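Trainee: I have a model open and would like to go through some of its local features. Could we take them one at a time?

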Amino acid sequence: MAIPESLSAAQARRVALAAQGFTDPAPGGAADLRHLRRVLRRLHLIQMDSVNVLQRAHFMPLYSRLGPYDPGLLERAAYRNPRELFEFWGHEASLIRVDLQPLFRWRMERAEEYAWGGMVRIATQQPELVDRVLREVRDRGPVTAAQIEHDVPRSKEHWGWNWSAVKQALEWLFYTGQVTAAERTTSFARRYDITERVLPRHVLQTATPAPQDAFRALVQLSARSLGVAAEPELRDYFRLPVAGFKQALAELVEDKVLLPVTVQGWRHPAYLHHEAKLPRRVRAATLVSPFDPLVWERGRTERLFAMNYRIEIYVPAAQRLYGYYVLPFLLGDRFAARVDLKADRKAGVLRVPAAWLEPSADPDETAEALAVELRRLAAWLGLETIAAPERGDLAGALTDALKPEGL
C-alpha cells in the first residue's frame, strides 16, 4: 500500500508495527535459524537485562514475533560458532548482529568519551591492573570475573554498580573491544575471551569505516527498524552522539533514503524509511517485553499507542501504579492491556499480580485474547498452571476467561 506524505496516527502505528516484524507470517512449524535471521534483519539488535522475574529480556522479542520457540536457538546464535550475534553496547547492553560489529568500532575507539566513570578511572589510574586482567583473559579465557578476582586486589566497595576493580577492568576491555563475551554462565555472568578468538574471521578482517560513515549506516538501520520515526527515537535506537547523528540524518534526507512526513499529533518532524510498508491491517495478539525495541523510546510509545508506559522495577512497591514487571498486550494494532507477570518456576505457576485494561479496549474481547496468550506463554515457559489475577480493572474478566480451559 502506497504511503502518503501525511500519516494519521493509526497509519504511523501500522507502519511501525510492520517495520518491527509484527506483520510477518508466523512459522509454519518450529522456528528455525531462518526465522531468527528474519527477526534480526528487522531489529538488528536485542537488548539484554539481568532481571529474570518472567524470562530473560533477550528471549522475549523473538517470542513476541515468532511465538513459542526453542530458546536454545538464540543461545546458539549468540554463543556458538558460527556466531550470528555478539554482545556489546548498542542500545544499552545488547546482542547485535555480528556483521554490524565494524559499525561500533568508533564507540570502542572513543570509549573514554562514552564509558562510565568506574571503567574510565580504572583505565587511567590503574593501567597496570587492566594489562594484568587482559593477560589473565588471554591465558585462561573464556573466564568469568569471579575466576580472576581471587588473586587480583579488590576495590573497597563491592556492591551493585560499585563493581570490583577486576570487573571494572574487564568491562573497560569489553567496551574497548579487546575482549568480548564468549558465553554466559547459568547465573548470567559473562565468560570473557579475547575478541579474536570469538568473532568470525571475516568480521575481524572487515575494514573499519570512518565514524561518520558508521553513523549514517546506523541511522539508516534504525530508520528501517522503526519505519516512521522522529529524531529522538532515531538517535536513541543505537544511542548515537548528537553531532554525528544530525549530519547523518541530513545526508539520508538529501539522498531520499529518509522521506520527511507529517504524522497527526506529532510535534517533532517525522521521517519515513523509503522502503517502509503500510499494511491494511495488523493481526497481532502477543505480549511485549518492557525491553522490546517497539517500546524502547517511551515518548514514541505514547505518540504511537496513546499509552503512557514506564517500567516500575525501580519504583518502591507502594508507589507502583501497575506492577513490578508489566508487559503491554498487543492486540491488533493497539495495546489493549498491560499485565504484571511472574514465573514461579518452583511451583510451576504463571502468577498474574495485576491485569489492567487500556481505555480504548473492549474488556471481554481483550480478556479472551489475553487468556489465550497467557496459556501460550505459560506453556513456552514450562509452567503448568496460571494463577488468577490478583488485582487490576481487567482481573475479573481475565479470571473468567481463564476458567474454561486452564492448562
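Trainee: Is Glu92 buried, partly exposed or exposed?

Mentor: This is a predicted model, and Glu92 sits in its loop between β3 and β4 (93-97). Phi of this residue is near 55°, a positive value in a residue other than glycine. Buried means under 20% relative accessible area and exposed means over 50%. Glu92 has 34% relative accessibility, so it counts as partly exposed.

Trainee: And Phe188, is that one buried or exposed?

Mentor: Phe188 lies in the loop between β5 (179-184) and β6 (190-194). Its phi is also positive, about 75°, although Phe188 is not a glycine. Its relative accessibility is 13%, and therefore Phe188 counts as buried.

Trainee: Which loop holds Pro142?

Mentor: The peptide bond from Gly141 to Pro142 is cis, with omega near 0°. Pro142 is in the loop between α8 and α9 (145-149).

Trainee: What is omega for the bond from Asn81 to Pro82?

Mentor: Pro82 is found in the loop between α4 (71-79) and β3 (85-89). The peptide bond that joins Asn81 to Pro82 is cis, and its omega is near -5°.

Trainee: Which residues does Arg38 contact, leaving aside its neighbours within four places in sequence?

Mentor: Arg38 belongs to helix α2 (residues 33-43). It counts as buried because its relative accessibility is 19%, and the cut-off is under 20%. Its C-alpha atom is 9.0 Å from that of Asp24, 14 residues apart along the chain. With those neighbours set aside, the contacts of Arg38 are Asp24, Pro25 and Leu66.

Trainee: How are α16 and α17 placed relative to each other: parallel, perpendicular or oblique?

Mentor: Helix α16 (residues 363-381) packs on helix α17 (residues 395-402) with the axes 8 Å apart and an angle of about 55°. The crossing is right-handed. Angles from 65 to 115 degrees would count as roughly perpendicular and those under 35 as roughly parallel. The two helices are therefore oblique.

Trainee: Which residues of α17 take part in that contact?

Mentor: The α16 side includes Pro363, Leu370 and Leu374. By class, the contact has nine nonpolar, no polar and two charged residues. From α17 come Ala397, Leu398, Ala401 and Leu402.

Trainee: Which residues have the most contacts inside the largest nonpolar core?

Mentor: That core has 117 residues, and its largest share, nine residues, comes from α16. Not counting residues up to four places away in sequence, Leu341 touches Leu54, Leu374 and Leu377, among others. The residues with the most contacts inside the core are Leu54 and Leu341.

Notes. Residues numbered from 1 in each chain as written. Predicted model: local features only at pLDDT ≥ 70, side-chain atom pairs only at ≥ 80, totals over all residues. Heavy atoms only, no water. Axes fitted to C-alpha atoms, helices over the stretch in contact; angles between N-to-C directions. Helix = DSSP H or I, 4+ residues; strand = E, 2+ residues; numbered from the N terminus. Parallel < 35°, antiparallel > 145°, perpendicular 65-115°, else oblique. Left-handed = near helix turned anticlockwise from the far one by under 90°. Contact = heavy atoms within 4.5 Å. Nonpolar A, V, L, I, M, F, W, Y, C, P; charged D, E, K, R; others polar. Core = buried A, V, L, I, M, F, W, Y, C linked by side-chain atoms within 4.5 Å. Buried < 20%, exposed > 50% of the residue type's maximum accessible area, 1.4 Å probe, protein only.
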